[in-house]
Amino acid sequence: MTQPLQLPKIIHRNFKSGLKCDKCSSFNLEALSSSLAVCLDCRHIDNLERLLRHYFTMLTLCNRPLTLKKKEIHQEIGVQLTSYTLQKYINLLFSKKSKHAQYYTYKL
Amino acid sequence: MKPKNERLKVYEFLYNRLPFSDQDTLEYEAMQRMELLEEHFDLYLRQIDLSNIEVHWHSEVYVDSDLELINVLLATEYCYYLFILHDFSGEHYINPFNILINKEHEAVYDLNRSTKIYEKFKTTLVDEGNFQRPIIIKHVVLNETFRLAKRPSENFLSLKNLPYYLRAIEHSAVIRKKHMLKDSNS
């Protein structure tokens, strides 16, 4: 009965990347700790891992290529993270072909 | 736990990331309102035992090129129950043309659509064997201030009666199974 959902195949040129607040849709997020992020507009606090998983999963479903370098991942997220925190989530959510490879791929 | 509407998930993700037209914004707001209604209904649904009931959320069908939405479809071994959710407030009445009218005498909903939805589902929900489960459509108004004046309608289910109706569905689902067990043992 219900038709399968057609997701946009091409991300529009004006697509704004980065994590956004689930409550008010603002991009003005700041890392509170290595596991929490706060929205500076509405003060809503959310789990960083959940935000990251949701963001990259939705990007994957939108057929956006997700093979990125570490610096590109940080830019894509749009939230300032410490090296430790960034590496923690890269290890958790991404994989790479070999130990010395530069490009990471999101693990769906 | 009720799963979120997939299209709403995409709209939520894309909101503020891509420019939304006025049409997109209206559709997004409508989906958010519908999500709230379905969550409200889910609160009542979770009060009953659903082990003998299949629950299908948010079924969309095309009826005469119009997209119709059935918010909840409950399937028991005995019957199909289709629920269409609304948030009408205040006093309403049904005019002789089967149109729901509010107290400002404005038409808010065409109840003749239910007949077309019924016919559509009758051709879609076909059971194997001799027994074809009946299809019952109910309009549920999840607003305490809603009142149907003049002639009542069995198509409408108020918030007050909803828990009892769902309880009756739960009991009828169990009874049918008990009869089946009895028949297979004899």
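Two residues are in contact here when heavy atoms lie within 4.5 Å. With that in hand, here are the close-ups of this predicted model.

**View 1. Where chain A meets chain B.** In this view, 20 residues of chain A are in contact with 20 residues of chain B. Putting the two chains together buries about 1,600 Å² between them, and 72% of that area lies on carbon and sulfur atoms. Looking at the side of chain A that touches chain B, you will find 11 nonpolar, 7 polar and 2 charged residues.

**View 2. Polar pairs across the interface.** Zoom in on the boundary of chain A and chain B, and the rule finds 5 residue pairs in polar contact, both residues at pLDDT 80 or more. Salt bridges are another matter: the count between chain A and chain B is 0.

**View 3. The elements of chain A.** Here you can trace 3 helices and 6 strands in chain A.

View 4. Of the 108 residues in chain A, 35% are buried. The accessible surface of chain A amounts to about 6,800 Å², with 51% of it belonging to carbon and sulfur atoms.

**View 5. Contacts along the sequence of chain A.** Consider the contacts in chain A between residues at least 6 apart in sequence: 45% of them join residues at least 24 apart.

Definitions and conventions: Residues are numbered from 1 along each chain as its sequence is written. Chains are lettered from A and ligands numbered from 1 in the order in which they are written. This is a predicted model: local features need pLDDT of at least 70, side-chain atom pairs count only at pLDDT 80 or more; totals for chains, interfaces and linings use all residues. Side-chain values use heavy atoms; hydrogens and water are left out. Helices (H or I, at least four residues) and strands (E, at least two) are DSSP runs, numbered from the N terminus. Buried means under 20% relative accessible area, exposed over 50%, partly exposed in between (1.4 Å probe, protein chains only). Accessible areas come from the Shrake-Rupley method with a 1.4 Å probe; for residues, only the protein chains shown count as cover. Buried area is the accessible area (1.4 Å probe) that two parts lose on being put together, summed over both. A salt bridge is a side-chain nitrogen of Lys or Arg within 4 Å of a carboxyl oxygen of Asp or Glu. A polar contact is a pair of N or O atoms within 3.5 Å; within protein, one must be able to donate a hydrogen and the other to accept it, and residues adjacent in sequence count only if both atoms are side-chain atoms. Ala, Val, Leu, Ile, Met, Phe, Trp, Tyr, Cys and Pro count as nonpolar, Asp, Glu, Lys and Arg as charged, and the others, Gly among them, as polar.
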